[in-house]
Amino acid sequence: MNTDANRMNMMTAKELTRIILAKEEIFILDVRNENDYNDWKIEGESVEIINIPYFDLLDGVDEALDKLPDGKKLLVVCAKEGSSKFVAEQIVDAGRTDVHYLEGGMKAWSEYLEPVKIGDLKDGGSLYQFVRIGKGCLSYMVLSKGEAAVIDTLRMTDVFEQFAKEQGVQIKHTLDTHLHADHISGGRKLAEQSGATYWLPPKDATEVTFDYEKLEEGQGITIGSTTLRIQPIYSPGHTIGSTSFIIDDQYLLTGDILFIESIGRPDLAGKAEDWVGDLRNTLYNRYKELSQDLIVLPAHFGKVTELGEGGRVMAKLSDLFLHNPGLNIQQEKDFRSAVTENLPPQPNAYQEIRQTNMGKITPSEEEQREMEIGPNRCAVHDK
Amino acid sequence: MPEITADMTLDCKGLACPMPIVKTKKAIDQLDAGQVIEVQATDQGSIADIQGWAKNTGHHYLGTVEECEVLKHYIRKANPNEVNEEKKYPLIISSDELQKKLSENEKVTVIDVRETAEFAFNRIAGAVSIPLGELEHRISKLNPDDEIVVVCRTGNRSDMACQLLAGKGFKHVKNLESGMSGWNGSTINYDSQN
């Protein structure tokens, strides 16, 4: 960051991510309208944030100045950037220093992915997690002997292409654990662009309009000339086709079935009552039968407290059976009500997102961006 | 769809935030209280922001029409010193009474004296739009013997309209108490007629 204390400075989403992960103190003034702010905002343990809409500051920023602590790094944020510059400039003119605006605003924040290494694989190769910190989505890339597979690819496919290029690997497979309802999958697009194979669970794909390979239990996918196998485990509940993956006998990618501090919601395809039994069976029986030393890697996180060292979102399966509230509901009827009643609001435009992921509608880039605005809300405890 | 006329049109097409709101604020300063501005914008974010701005400043956000990817926002300038002016016209009718008359198909003419933009976005079914400023020269189209109920937003403009009509010999004129703000019957809005 080229910081010039006496003028307004630009901060990128990447820089902000590093600040949040390093738990450096930052004060954020979010100048979007109240509804947008209440729906979704930047979070972090070291983040202090307030909301004053820019249109309340048209006559000057005096009202805001009183609320901004002097001597702390200040970041002004808006939807796209324009209004944050408008406000930040006035704050600088009022004599404040260390003032920044977020480049690209919340739009850029929503789309930024931070790659973090989860670990090395036994026979060489490695596993990376891509943390979409602004929206709480997680993607994965498995690399082995010049080849790669991407799991739960996000819409920003260029990030994965660029990363693969840097690592000198060719993307051979893209896999989705399930038909996503909170974000638009980049799996099909990335597969097309890199000549890879796109895999989907067939039970989630009954209505899709494109060709895909069927993810079926017992049928492993090989990456890097038989070095690494991805084992699909049929684990319905969030969707009827939801499939988990065991990678290298070490990692369990749980999709939207099991998170670190919560569990998946069964209602986003409109079948909560039908799927609640599957969800319980997957969580309380199927996952119980697996090695409890597996490291769980979910497709989402709900709170910043779920971010571990360097931003990694991971936990041992045995620890989750001890601490995750969703895995500790003894009575079936209590479980049923926990996952079907008082659920958080459904993700923004989730119906349209599902249609898009089935290939039934093809919104423009801008429309896709709008559809994805807001938090992911795939877990039962995301309020 | 009734035609919407505005006292001022502001072109904010192609501008990103904060400019549509910055320009709207400047423009509305030049209007008189009660006048309506049409703000044309292409930034989708302007919908929520103009609503939020209007709410916080007290101006009346009336509604937005989207035509060929252009958003037309309508805002009526508030009177900064608005008080409930003393009503001078004695005959009033309550929301419930008018609803009863309408549901029983009594012959009653409902005249809405708000601006066309206000009328377009939210009105009583069957109401006739005659903005207060046009009432005098359109009065010849009305029958002085008809039963007439006059409605506006809060009851002030309709109070003046009632006085005007009574002065011209209209015999059965009533003011709808609290206007649309007190109306709890059904309404027609812009969406329901498209």
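## Domains of chain A

Domain bounds here come from an automatic or database domain assignment. In this predicted model, chain A is divided on that basis into domain 1, residues 9–109, and domain 2, residues 113–371. Taken over C-alpha atoms, the centres of domain 1 and domain 2 of chain A are separated by 32 Å.

The contact between these domains takes eight residues from domain 1 of chain A and seven residues from domain 2 of chain A. On the side of domain 1 of chain A that touches domain 2, the elements giving two or more residues are α1 (13–21) and α5 (105–111) of chain A. The most comes from α1(A), with three residues. By class, this side of domain 1 of chain A has three nonpolar, two polar and three charged residues.

## Contact between chains A and B

Chain A gives 15 residues to the contact with chain B, and chain B gives twelve residues. The side of chain A that touches chain B draws two or more residues from each of α2 (34–39) and α4 (82–93) of chain A. The residues on this side of chain A divide into seven nonpolar, four polar and four charged.

## Overall form of chain B

Chain B contains seven helices and eleven strands. Along the principal axes, the C-alpha atoms of chain B fill a box of roughly 55 × 35 × 30 Å.

Of the 194 residues in chain B, 35% are buried. Among the contacts in chain B with a separation of 6 or more, 69% are accounted for by residues 24 or more positions apart.

## Domains of chain B

Chain B is also divided into two parts: domain 1 covers residues 8–76, and domain 2 covers residues 92–193. The centres of domain 1 of chain B and domain 2 of chain B, taken over C-alpha atoms, are 27 Å apart. Six residues from domain 1 of chain B and five residues from domain 2 of chain B make up the contact between them.

On the side of domain 1 of chain B that touches domain 2, β3 (60–67) and β4 (70–76) of chain B are the elements that give two or more residues. The largest share, three residues, comes from β3(B). This side of domain 1 of chain B consists of four nonpolar residues, one polar and one charged.

## Helix packing in chain B

Helix α1 (residues 19–29) of chain B packs against helix α2 (residues 45–57) of chain B at an angle of about 40°, and their axes are 10 Å apart. The crossing of α1(B) and α2(B) is right-handed.

On the α1(B) side, the contact is made by B:Pro20, B:Ile21 and B:Thr24. The α2(B) side contributes B:Ser46, B:Asp49, B:Ile50 and B:Trp53. By class, the residues of this contact are four nonpolar, two polar and one charged.

## Backbone features in the loops of chain B

The peptide bond from B:Cys17 to B:Pro18 is cis, with omega near 15°. B:Pro18 lies in the loop between β1 (8–12) and α1 of chain B.

B:Cys68 is not a glycine, yet has a positive phi of about 50°. B:Cys68 is placed in the loop between β3 and β4 of chain B. B:Cys68 counts as exposed because it has 4 C-beta neighbours inside 10 Å, where the cut-off for an exposed residue is 12 or fewer. B:Asn105, also a residue other than glycine, has a positive phi near 55°. The loop that holds B:Asn105 runs between α3 (95–103) and β6 (109–112) of chain B. With 7 C-beta neighbours inside 10 Å, B:Asn105 counts as exposed.

## Position of B:Lys168

B:Lys168 is found in the loop between α6 (156–167) and β10 (172–176) of chain B. B:Lys168 has 14 other C-beta atoms within 10 Å, so this residue is partly exposed. B:Lys168 and B:Glu86 are 82 residues apart in sequence, and their C-alpha atoms are 22 Å apart in space.

Conventions. Residues numbered from 1 in each chain as written. Chains lettered and ligands numbered in written order. Predicted model: local features only at pLDDT ≥ 70, side-chain atom pairs only at ≥ 80, totals over all residues. Contact = placed C-beta atoms within 7 Å. Helix = DSSP H or I, 4+ residues; strand = E, 2+ residues; numbered from the N terminus. Nonpolar A, V, L, I, M, F, W, Y, C, P; charged D, E, K, R; others polar. Buried ≥ 20, exposed ≤ 12 C-beta atoms within 10 Å, placed from the backbone. Axes fitted to C-alpha atoms, helices over the stretch in contact; angles between N-to-C directions. Left-handed = near helix turned anticlockwise from the far one by under 90°.
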